[in-house]
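Student: I'd like a close look at one part of this model, taken slowly and in plain words. Could you walk me through it?

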Amino acid sequence: VNILAIESSCDETSAAVISDGKILNNIIATQSVHEKYGGVVPELASRAHQQHLIPVVAEAMNDSGILKKDLHAVAFTKGPGLMGSLMVGVSFAKSFAYALGIPLIEVNHMQAHILAHFIDSPQPKFPFVCLTVSGGHTQLVLVKDYLDMEIIGETTDDAVGEAFDKTAKLLGLPYPGGPLIDKYAKEGNPNAYEFPISDIPGLNFSFSGIKTAVLYFLRDQIKDNPGFITENLADICASIQHTLVKTLLQKLKKAAQMHNVKEIAIAGGVSANSGLREALKMMADKQGWKIYIPKFEYCTDNAAMIAMAAHFKYQKGEFSGLDVVPEARMKF
Ligand code: ATP
Ligand code: MG
Ligand code: FE
């Protein structure tokens, strides 16, 4: 079975081909137009998807060595994501499937981030808890089967990726700032400065407090020393990262205990963070967890994860009609 998959939920245009459950390629065009605006501009994102989608699909198809007539289905991200961006992928997938007379498979982007764990080995065993951390989401998910997942905790305000990006912006770093905080943090002292760890009840998260805390902290420091940020960038980044990672792991530990699970995975763009990866390994040793961390290329947005999800849906015969529409705030 050969499936073409398309991802266009935010600012990455991606296509991948999967054959009998094996990923053949994963072509990604990252949009650079947003850099100068310090964040993703939705209207520019849709236009860039329109420009990139056909070349990206052509490259994935050519590289796969599979002919269009040998495709069995076309998969696409239905949501969640930016409406205009999703619309481009959905419209393309519909026309492509219609022209070839093959079925459509809709995929939930957040489920796909988790299913990226089944692209390679070792693979987590059910049930496992997945901490999904990305630019738009922060979720604790109890994964009972490939397509049977339950959200047991999530952020009540900002996503952790947003907290990384917004604090990076306060430091004058370009978008997306998360990877840069990670980079500078490597040289810094994580205990140099203290920022508040939010602890709201249950398994939910709150990340809006740290942004404000960093804003006021910087304002006070700059008053006394205008060069404060440049002089202490590594220490500031290490301290911010330490706080965010600690907040995440505190809840992950609680979730694992509450659900009596020792198979633990992380997914989404922020799972590329080296501080999170390190801290998770240390906690796993203490707690006796078996942990699963995706390859870097499958952490941030990519179509391989959409293809993987589509593979499981194809096996269950879960197809969509041509009347399917994108859903910006799609739930599981
Ligand atoms: P969603 O999946 O919620 O719709 P998204 O698709 O925009 O959001 P991803 O592409 O999964 O999110 O992840 C992007 C986020 O990951 C950005 O916020 C980025 O800063 C963050 N990120 C990527 N690498 C790192 C890193 N090494 N350290 C910290 N944050 C990182
Ligand atoms: Mg992105
Ligand atoms: Fe994503």
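Student: Let's zoom in on His-109: is that residue buried or exposed, and how many other C-beta atoms lie within 10 Å?

Tutor: His-109 is buried, because 25 other C-beta atoms lie within 10 Å. The cut-offs: 20 or more other C-beta atoms within 10 Å of a residue's own makes it buried, 12 or fewer makes it exposed, anything in between is partly exposed, and the C-beta atoms are placed from the backbone. Before going on, keep in mind that this is a predicted model, where local features need pLDDT of at least 70 and side-chain atom pairs count only at pLDDT 80 or more, while totals for chains, interfaces and linings use all residues. Residues are numbered from 1 along each chain as its sequence is written, and chains are lettered from A and ligands numbered from 1 in the order in which they are written.

Now, the setting. His-109 sits in helix α3 (residues 109-115); helices (H or I, at least four residues) and strands (E, at least two) are DSSP runs, numbered from the N terminus. Leaving aside residues up to four places away in sequence, His-109 touches Ser-9, Thr-77, Gly-79, Pro-80 and Gly-81. Touching here means that the two C-beta atoms, placed from the backbone, lie within 7 Å.

The UniProt record also has something to say about His-109. Its unreviewed entry lists His-109, His-113 and Asp-301 under "binding site". These three span 193 residues in sequence, yet no two of their C-alpha atoms are more than 8.8 Å apart, so they gather at one spot.

Asp-301 comes from the loop between β10 (290-292) and α9 (303-315). Asp-301 counts as buried because it has 26 C-beta neighbours inside 10 Å. Its contacts, again skipping residues up to four places away in sequence, are Glu-7, Ser-9, Cys-10, Glu-12 and Ser-14.

Of the 22 residues around ligand 1, Gly-135, Gly-136, Gly-161, Gly-178 and Gly-269 come nearest; a residue is near a molecule or strand if its C-beta atom, placed from the backbone, lies within 6 Å of it. Two elements give two or more residues to this shell, α4 (160-170) and α5 (178-185). By class, the shell has 6 nonpolar, 13 polar and 3 charged residues. Ala, Val, Leu, Ile, Met, Phe, Trp, Tyr, Cys and Pro count as nonpolar, Asp, Glu, Lys and Arg as charged, and the others, Gly among them, as polar.

How do those two helices meet? Gly-161, Phe-164, Asp-165 and Ala-168 in α4 meet Gly-178, Leu-180 and Ile-181 in α5. That contact is made up of 4 nonpolar, 2 polar and 1 charged residues. In α5, the buried residues are Gly-178, Ile-181, Asp-182, Tyr-184 and Ala-185, and they pack against α4, α7 (228-258) and α8 (274-287).

Definitions and conventions:
UniProt positions are given in the numbering used here, feature names are shortened, and annotations may be inferred rather than shown by experiment.
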